[in-house]
Amino acid sequence: MKGKASSNKRTVLGEKNLLIIFAVLVVLLIFATKGTFLSFGNITNLLRQTSINGVVALAMLFVIVTGGIDLSVGAVVGLSGMVFAMLTSSRLNYQFSSTAAVVIALVVSVMVGAVNGAAVYDLKVPPFIATLGVMTFVRGLVMYISSGRMITGIPSNFVSFSSETLLDMPKLVWLWLVTALIVGLSLKYTRFGRNLYALGSNREAARLSGLNMRLNYYGAYAVSGLLSGLAGIMLASRLAAGVPTAGQGYELDAIASVVIGGASLNGGVGTALGAVIGALLIQTLRNGGNLLGVDPFIMQMAIGLIIVVAVFFDQYVKAGRR
Amino acid sequence: MQELLRVEEVSKSFPGVRALDQVSLTVNGGEVRGLVGENGAGKSTLIKIITGAYEKDSGKIYFMGKEIKKNDPITSIQLGIFAVYQDVMIAPDVSIAENFFLGSHPGRFGVVNWKKMRNDAKKFLDEIGLNVDVRLDIKNLSLAQKEMVTIAKVLLRNPKLIIFDEPTAVLTDNEKKLLFTLIRKLKDNGAGVIYISHNLEEVFEICDTVTILKDGKLVGTYKVQEIEKVENLIPLMVGRKIEDMYFKQVVEKGPELLKVEELNGSRFKDVSFVLHSGEILGFYGLAGAGRTEIARAIFGADKILSGSIFVNGHRVTIRNPKDAINLGIGYLPEDRRLQGIFPPQNVEFNIDIVNYRDLLRRFMFFVDHRKARHLSSDLVEKLSIKTPGIGYPIYQLSGGNQQKVVLARWLSRFAKILILDEPTNGIDVGAKAEIYRFISEVVKQSKSVIFISSYLPELIGICDRILVISNGKIAGELSRGEFSEERLLALAMKYAMKKEDVA
């Protein structure tokens with residue numbers, strides 16, 4: 001009965017279903033747009049549009065794998081961008097270099113993540129509520145420090161980063177894909193990553209297996225904060241300003257991407273590749289709708305339906321196998 | 001006697017497995033039918049087809065003379081067929097009383113009459129002889145209490161055919177007696193009972209007839225008197241004779257590995273004992289006596305109020321399971337499903353999760369995957385775990401194989417003191433024998449084992465010493481020469497509460 005491992009069948013299959021959906025969608029769009037969809041310009045544009053949301057989805061993935069949820073990712077995107085903008089603009093008495101500002105913005109983001117971790121692990125507040133509270137707090141904080149106004153005057157070399165390319169591919173896209181690769185490797189091949197799956201699969205069994213519970217919970221939320229912060233800086237570069245409402249609603253897109261990517265909100269299941277494809281799928285729909293001149297409001301309705309249908313299809317196929 | 005259930009040549013296949021192959025059987029009213037076979041013999045599949053959880057591929061099922069053409073869980077319940085499963089499933093956050101009336105709350109206009117509900121539940125429980133506060137939430141009950149409540153809930157609905165799947169696995173002797181009384185009462189009322197158990201002594205005690213399945217096929221149905229004794233039944237089930245079920249090797253006692261002094265916790269008092277390498281120390285006691293609690297406290301899973309623990313002669317502080325594992329202690333939890341397995345993950349993950357500390361690449365924090373795969377596939381082979389591969393999800397394995405996976409976790413080199421809490425719970429004879437064999441292999445490697453069990457024959461069979469725990473206190477310690485069921489049982493009752501209720 002023994003045989004070679006076919007790795008984790010469940011997730012591989014999840015990604016396969018997803019790829020089928022994605023491929024069908026792309027083929028349909030190629031025909032419907034008479035090839036425009038496939039043009040190099042459109043593809044790079046699509047990837048650029050996905051990159052920031054894609055990074056936020058990776059942030060969300062870390063927490064969803066533990067069986068939790070992080071609603072504060074969007075707010076951290078806003079906070080990180082704003083912190084960066086304020087430090088580099090001439091608002092304060094001292095003007096920071098871009099590098100220093102990036103580091104500080106990321107540190108602040110990690111701290112927000114650690115607060116989430118503390119609320120969830122030490123105060124035992126359910127993740128949904130804990131991160132909802134932190135989200136609300138951070139949104140208020142962003143408004144307070146910026147007085148609700150846009151902060152401009154960030155360094156031009158930093159702003160141009162978002163339009164620069166490397167090997168004909170926007171740097172933002174590279175940043176996203178490299179992050180996804182690191183996330184994928186960490187989840188699959190590091191002890192920390194394996195521990196997160198254990199937490200999400202069975203918390204009590206994880207404890208009895210000797211996992212350092214505090215470290216892993218804090219870790220998951222801190223990484224989520226870090227990646228959201230990174231996305232915030234990417235967005236600030238694109239917007240060329242610190243915008244108080246930046247990142248609003250990103251948490252929902254991120255959840256949708258991760259879940260479409262085969263992750264389970266019950267925890268223990270989900271991959272970086274899934275989160276990448278999930279984010280791409282949502283953006284492809286938007287992009288395709290745009291090309292076809294579909295009313296954006298109708299497009300939003302369609303995306304809502306697709307989220308449910310995609311997850312239903314995936315579960316249906318899995319159930320059929322049993 | 002009137003025919004109640006007739007199953008005719010029922011077959012069922014799953015991808016790659018023929019789970020049931022033309023199985024037929026008839027159960028009459030007033031009959032208690034044993035259903036035995038190794039794990040994977042098709043017992044659960046057959047039950048699930050009778051209760052409508054699965055659809056059969058072919059064959060016919062008649063109930064009270066009428067064919068059930070299209071079966072599903074609701075239809076079967078309406079017909080009066082109920083099953084009490086191994087994995088007790090009742091709403092955990094709801095009181096006992098409310099659990100009894102879920103879906104049919106007494107009251108008017110959608111307003112629940114709480115008082116009537118509690119009184120009705122109480123009255124019913126008194127009638128069947130179960131003494132427990134009906135206001136308690138299910139989650140606050142012990143496994144045994146949960147099961148008794150589940151059974152009571154079924155009885156409340158006047159079953160015609162009731163199926164017990166491994167009902168006594170978590171029950172103490174007293175509860176078992178109560179259960180058997182209930183079964184006899186059901187029988188006298190003309191109901192049919194199908195009784196599935198790996199505990200063949202029980203099958204002989206309670207059943208009139210026994211049906212044996214093997215590899216999805218019917219071996220036969222026999223009157224219990226015809227078979228006469230357990231030894232005659234086993235060869236029919238496994239197709240071979242199990243020599244030396246309780247495999248006991250003489251292992252030289254080594255140095256002291258663990259010493260516990262005056263340990264106090266919320267559910268136990270003044271526990272002291274020593275454990276030497278090469279020793280198998282049994283923990284016996286009635287369910288709820290505090291055996292599991294003592295084990296969990298030593299492992300750092302529960303808080304210790306006072307007392308000291310010495311490992312290898314050094315006094316140690318164990319604040320959490322992580323500390324315990326670093327000291328070389330392993331713990332196989334009582335409840336495999338809730339505390340043992342990581343259900344969505346594969347076999348490899350489930351074995352390696354506690355071993356990643358030993359599987360890291362040098363100078364990097366990455367896991368050495370080749371090493372990890374080797375470790376898990378070696379253990380899968382060593383324990384003859386039946387799985388299509390180490391990449392297979394654990395929840396799709398049978399209970400016995402899941403248990404072996406959880407056990408495999410601790411068999412790597414670092415766990416020197418292995419605490420096994422009811423390791424043979426709900427697994428078949430063959431797998432049990434293998435686990436006993438393993439335990440004796442483990443102690444040969446200058447390791448030691450604490451073996452917690454409610455099942456006396458296995459404790460007597462494999463332990464070097466048995467510590468008897470009664471109501472949170474150590475009631476006595478017997479060494480191998482002094483073992484007898486009577487003495488152990490008497491010690492277990494030593495400090496038992498005056499009134500033997502289910503609590």
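Biologist: What covers the buried residues of helix 14 of chain B?

Modeller: In this predicted model, the buried residues of helix 14 of chain B are B:Ala372, B:Leu375, B:Ser376, B:Ser377, B:Leu379 and B:Val380. A residue is buried if 20 or more other C-beta atoms, placed from the backbone, lie within 10 Å of its own, exposed if 12 or fewer, and partly exposed in between. Helices (H or I, at least four residues) and strands (E, at least two) are DSSP runs numbered from the N terminus. With contact meaning C-beta atoms, placed from the backbone, within 7 Å, the cover includes helix 13 (347–352) and helix 15 (399–409) of chain B.

Biologist: What pLDDT do side-chain atom pairs need in order to count?

Modeller: Residues are numbered from 1 along each chain as its sequence is written, while chains are lettered from A and ligands numbered from 1 in the order in which they are written. The model is predicted, so totals for chains, interfaces and linings use all residues, local features need pLDDT of at least 70, and side-chain atom pairs count only at pLDDT 80 or more.

Biologist: How far does helix 14 of chain B reach from its first C-alpha to its last?

Modeller: Helix 14 of chain B runs over residues 369–382 and has 14 residues. The expected span is 1.5 Å times one less than the number of residues, which is 20 Å here, and the reach is close to it, at 20 Å.

Biologist: Is B:Arg373 buried, partly exposed or exposed?

Modeller: B:Arg373 lies in helix 14 of chain B, and its C-alpha is 8.0 Å from that of B:Ile390, 17 residues away in sequence. It has 18 C-beta neighbours inside 10 Å and therefore counts as partly exposed.

Biologist: Where do the buried residues of helix 6 of chain B fall around its axis?

Modeller: The buried residues of helix 6 of chain B are B:Glu175, B:Leu179, B:Leu182, B:Ile183 and B:Leu186. Seen down the axis, they fall within an arc of 100 degrees, the arc being that of the directions from the helix axis to the C-beta atoms. On the other side, B:Lys177, B:Thr181 and B:Asp188 are exposed. The buried residues therefore line one face of the helix.

Biologist: Which residue with a positive phi follows helix 6 of chain B?

Modeller: Helix 6 (residues 173–188) of chain B has end C-alpha atoms 22 Å apart, in agreement with the 22 Å that its 16 residues should span. After the helix comes a residue with phi near 90 degrees, B:Gly190.

Biologist: Which residue of strand 9 of chain B is the bridge partner of B:Phe82?

Modeller: Strand 6 (residues 81–84) of chain B pairs with strand 9 of chain B in the parallel sense, over four bridges. In strand 9, the partner of B:Phe82 is B:Ile162.

Biologist: Which element of chain A gives the most to the side that touches chain B?

Modeller: Contacts link 28 residues of chain A with 34 residues of chain B. Helix 1 (9–32), helix 8 (191–201) and helix 9 (203–208) of chain A each give two or more residues to that side of chain A. The most, five residues, comes from helix 8 of chain A.

How values were computed: Contact = placed C-beta atoms within 7 Å. Pairing = 2+ DSSP bridges.
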